[in-house]
Amino acid sequence: MPEKNIREMSEQERKRYSLASRIFQSTIIGSIILGITALLIGLGMFSYSLVNQYISEGFSLSENAASILNRTVDIKPLSEAVMQEYRALRAQDEHTEYDPERFSSFAEREDYQTICSVLSEYLNFDQVEFVYLAMYDEDRSAMVYIADPDESEEHMMPGEWESVSEKGMKRFLNWDGTGRLYEIDRTEKYGWLCTTGVPFRGEDGAIRAFVLTDVSLVNVVNGMKSLFWQYTAGLIIIMNLFAYLLTRQMKRTVIQPIDAISQAAQDYVKDRREGNDVDDHFSSLNIKTGDEIENLSSVMSDMERDLAEHEEDLTRVTAEKERINTELTLANRIQTDMLPNIYPAFPEYSEFDIYAYSKPAREVGGDFYDYFLIDQDHLCMVMADVSDKGIPAALFMMASKIILSNNAMMNIRPSEILKNTNDLICSNNREEMFVTVWLGILEISTGKVTAANAGHEYPAVMHENGRFELIQDKHGFIIGGISGLEYQDYEIMLEPGSKLFLYTDGIPEAADAASELYGTDRMLDALNSEPGADVRKLIENIQDSVSGFAGNTEQSDDITMLCLEYKGKEQMRDQAEPHQK
Amino acid sequence: MLNINKSTDGSKLTVALEGRLDTNTSPDLEASLQESLDGVTELVLDLEKLDYISSAGLRVLLAAHKMMSKQGSMKVVHVNTTVMEIFEITGFLDILTVE
């Protein structure tokens, strides 16, 4: 396998590792293995049957010749005479050479002539090289010729001998008459020769001589050679043709469709990047191979269609979301602007200082604070919390805020403001929303706060130089629940230097990662860590403390707080000053 | 997380709440009550294992209270300190029958 990613390859490398070239290579390799195996088997069978045929022919020739000789002549005198002379010659000296003079008389004998004429008949048979009568000299492993009808240069005289392999001749000597006697040998002179033979036995059962037929296997070898070359040539041609056709077929049915799909995919990506609106990259391919590739193509086509639909949906949903987000942002701004948020809030009054802060948990919230002058001497303060959060709470909050401030401007007592508001809201509140409200009116000249509480958190008050403490004030029921309820007023006297802190449940109910609640104790501690600080700083201290407590935990409820510091009239402050020191 | 365990005894329905009843879980309780309040004349809310109730939860209680005041009665039992404190602050203590 190539180590490079296909995208990093050059055109040439891609060609080398392409499917087509791999199919071609595999086909060639497969064909070579198959071809060689078939060749070996073919050659083996060819040579086996041919050699077998030659052995069989040679052997029957020998048998035939032996039986004719048996009928026409007695070979015993000649063979015994020749062997006697031969032994005498070899006995003299192991290295003695053949002496034609000594044996020339044998060729003159009548029985020799007869034998030769009988045997010479067989020389005419196809592939028969030699037919002769010979005797084996066991002591010296030599084949001694007795009669050889051959008239060529290779003619052997009676008594002439040749060394032969001892092992092969053993079988000839010990033959029991069954099967065929043969020996295949490679000779320098004649190449591959197959020698078949039949023994002559005397009355005593001893072998007198063998009729031997040498059949040349040169045809077999040549046949094998030509078979090999023809086969190889044919194989190469067929192999290449086959590989070429297969590759061409694969190109048409596999590679071209895959290339087309791959090209379509590239175009798809390109068109998407460039923003071209083409949606039939895959469906226009028209691949009809009827197999997995057609399936792949139709799956890709389905995918393209589904993606396009999905994208359309996504665009629509995103646009919708964006629109809602824009509206929410706008709603948040409107809501924020509804709450007084310019500081210093009342620069013309030195008697008090006020600061407030609100942070909804979502884009818009249900908490709100409010403060406004009813007349020159009366400041109305509102801290309220609508049940639930988000858009429903925000809508309800807006209505509540307006109704409360309208009622407050009528210069009536806080309990009456709450009662009127409650009755109005209850008259048309099918959704069962409600709001908790703390509403107080500060008499600026005296520091007296008249307040009423409709189910809201306890306010915290710090009297001059003291500590912040919760006031367990008289509680009425929440606003919007049940109509006709009465609320009660109560008074808090704020001496110069006193502070009033109002908040919603988003502060005590802020949770940390372990779902533990912040609680009013922590809130009072944070206020009292720096009770003399100005109103803004006090609120910032609570903010820091709550966010430090909650850590990364998401703010679950709206957080709103308001702090009022009563300073009194200047002359009151002057009176109070020595007391402060 | 809020577990709502309902048990009916004739026309009496007891609902035991376990966990937190807040903005996220109160719609579950609202739906659950809406489907089973038909024909109920006595509704008992067992808040023994309720860890926390937010204003959204109070809204569901108020709706149930109004519904039940038309067709029978509703009472809240086993209120623990945390929830009791919220009931006190919001004035629910005066409206609901708490035992």
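This is a predicted model: local features need pLDDT of at least 70, side-chain atom pairs count only at pLDDT 80 or more; totals for chains, interfaces and linings use all residues.
Helices here are DSSP runs of H or I that are at least four residues long, and strands are runs of E of at least two, each numbered from the N terminus. Of the 99 residues in chain B, 40% are buried. Among the contacts in chain B with a separation of 6 or more, 71% are between residues 24 or more positions apart.

An α-helix has 3.6 residues a turn, so residues three or four places apart point the same way.

Most residues other than glycine have a negative phi, and most peptide bonds are trans. In the loop between strand 4 (73-77) and helix 3 of chain B lies His78(B), which is not a glycine and yet has a positive phi near 55°. His78(B) counts as partly exposed, because it has 15 C-beta neighbours inside 10 Å. Just after helix 3 of chain B comes Gly91(B), with a positive phi of about 80°.

Taken over the two chains, 18 residues of chain A are in contact with 13 residues of chain B. The side of chain A that touches chain B is made up of seven nonpolar, six polar and five charged residues.

Turning to chain A, one can follow how its helices pack. Helix 2 (residues 19-72) of chain A meets helix 7 (residues 218-274) of chain A at an angle of about 155°, and their axes are 8 Å apart. Since angles over 145 degrees count as roughly antiparallel, helix 2 of chain A is therefore roughly antiparallel to helix 7 of chain A. The crossing of these two helices is right-handed, and the residues of their contact comprise 23 nonpolar, seven polar and one charged.

Helix 7 of chain A also packs against helix 8 of chain A, here at an angle of about 15° and with the axes 10 Å apart, so that the two helices are roughly parallel. Helix 7 of chain A passes helix 8 of chain A in a left-handed crossing. In this contact Val254(A), Pro257(A), Ile258(A), Ile261(A) and Tyr268(A) of helix 7 meet Ile293(A), Leu296(A), Ser297(A), Met300(A) and Glu304(A) of helix 8, a set with eight nonpolar, one polar and one charged residues.

Two loops of chain A complete the walk. Asn286(A), in the loop between helix 7 and helix 8 of chain A, has a positive phi of about 60° although it is not a glycine, and Asn286(A) is exposed, with 9 other C-beta atoms within 10 Å. Further on, the loop between helix 8 (292-338) and strand 7 (352-359) of chain A holds Pro344(A), which is joined to Tyr343(A) by a cis peptide bond with omega of about -5°.

Notes:
Residues are numbered from 1 along each chain as its sequence is written. Chains are lettered from A and ligands numbered from 1 in the order in which they are written. Axes are lines fitted to C-alpha atoms, for helices over the stretch in contact, and angles run from 0 to 180 degrees between N-to-C directions. Angles under 35 degrees count as roughly parallel, over 145 as roughly antiparallel, 65 to 115 as roughly perpendicular and the rest as oblique. A crossing is left-handed if the near helix is turned anticlockwise from the far one by less than a right angle, and right-handed if clockwise. Ala, Val, Leu, Ile, Met, Phe, Trp, Tyr, Cys and Pro count as nonpolar, Asp, Glu, Lys and Arg as charged, and the others, Gly among them, as polar. Two residues are in contact if their C-beta atoms, placed from the backbone, lie within 7 Å. A residue is buried if 20 or more other C-beta atoms lie within 10 Å of its own, exposed if 12 or fewer, and partly exposed in between; C-beta atoms are placed from the backbone.
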